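Please keep the sequence and the 3D view at hand.

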Amino acid sequence: MQIGEVAERIGLSLRTIRYYEEVGLVVPSARSQGGFRLYTEPDVQRLGVIMRMKPLGFQLDEMRELLELLDALAEDSSDEHLRRLTEFWNAAEERCEALRKQLAIAEDFAATLRSHLPA
C-alpha cells in the first residue's frame, strides 16, 4: 500500500512516516515504478509499534533497539533477547503507571472546575 493509505489507516501524518524512514526506523519494502513508497503489512505493524512507544516517551534509539529485538525474536528467542524484552516491558509498564497518575490528577482538576459551574 502507498504511504497515504498507511497514514490514513494508522493515524500518522505523511511527514511523520517519512521522518521515521529518514531515521531508519521503517523503510518501505518497495517503490512503485513511479517512485511511490510501498508498504507491506509488516511495515504497517512496525509503524504501529513506533506509534505506541511515542506517548510513553521512548527515544528513537530505544525504538530502534526494540524493533531490532522484535525482529531477532522472530528468529531466535534466546535468553538474552527475552531478558531485554522483559526490560522494555517493565519500562513500558512504569511509564503507563506514570501516565495513569497524571491522568488522575488531570481528571481531579477537571472535576474541581466542574464543581464550580452552576448545575
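What covers the buried residues of α2? The cover includes α1 (3-10), β1 (30-31), β2 (37-38) and α3 (41-53). Before going further, a word on the ground rules: this is a predicted model, in which local features need pLDDT of at least 70 and side-chain atom pairs count only at pLDDT 80 or more, while totals for chains, interfaces and linings use all residues. Residues are numbered from 1 along each chain as its sequence is written, and side-chain values use heavy atoms, with hydrogens and water left out. Helices (H or I, at least four residues) and strands (E, at least two) are DSSP runs, numbered from the N terminus.

Helix α2 spans residues 14-22, and its buried residues are I17, Y20 and E21. Viewed down the axis of α2, these buried residues fall within an arc of 105°, so they line one face of the helix; the arc is taken from the directions from the helix axis to the C-beta atoms. An α-helix has 3.6 residues a turn, so residues three or four places apart point the same way. R15 and E22 are exposed residues on the face of α2 turned away from its buried side. Here buried means under 20% relative accessible area, exposed over 50%, and partly exposed in between (1.4 Å probe, protein chains only). Just after α2, G24 takes a positive phi of about 85°.

Not counting residues up to four places away in sequence, E21 touches V26, P28, R31, R37 and Y39, where contact means heavy atoms within 4.5 Å.

**V6 in helix α1**

V6 lies in helix α1 and counts as buried at 0% relative accessibility. Leaving aside neighbours within four places in sequence, V6 is in contact with M1, G11, I17, Y39, V44 and L47. R95 is 89 residues from V6 in sequence, and their C-alpha atoms are 27 Å apart.

Two packed helices are described by the angle between their axes and the distance between the axes. Axes are lines fitted to C-alpha atoms, for helices over the stretch in contact, and angles run from 0 to 180 degrees between N-to-C directions.

| Pair | Angle | Axis distance |
|---|---|---|
| α1 and α3 | about 45° | 11 Å |
| α3 and α4 (residues 60-75) | roughly 140° | within 11 Å |

That makes α3 oblique to α4, and α1 and α3 are therefore oblique to each other. Angles under 35 degrees count as roughly parallel, over 145 as roughly antiparallel, 65 to 115 as roughly perpendicular and the rest as oblique.

Ala, Val, Leu, Ile, Met, Phe, Trp, Tyr, Cys and Pro count as nonpolar, Asp, Glu, Lys and Arg as charged, and the others, Gly among them, as polar.

The crossing of α3 and α4 is right-handed. From α3, the contact uses R46, V49, I50 and M53, and from α4 it uses E62, M63, L66, L67, L70 and D71. The residues of this contact of α3 with α4 divide into 7 nonpolar, no polar and 3 charged.

Note on methods: Left-handed = near helix turned anticlockwise from the far one by under 90°.
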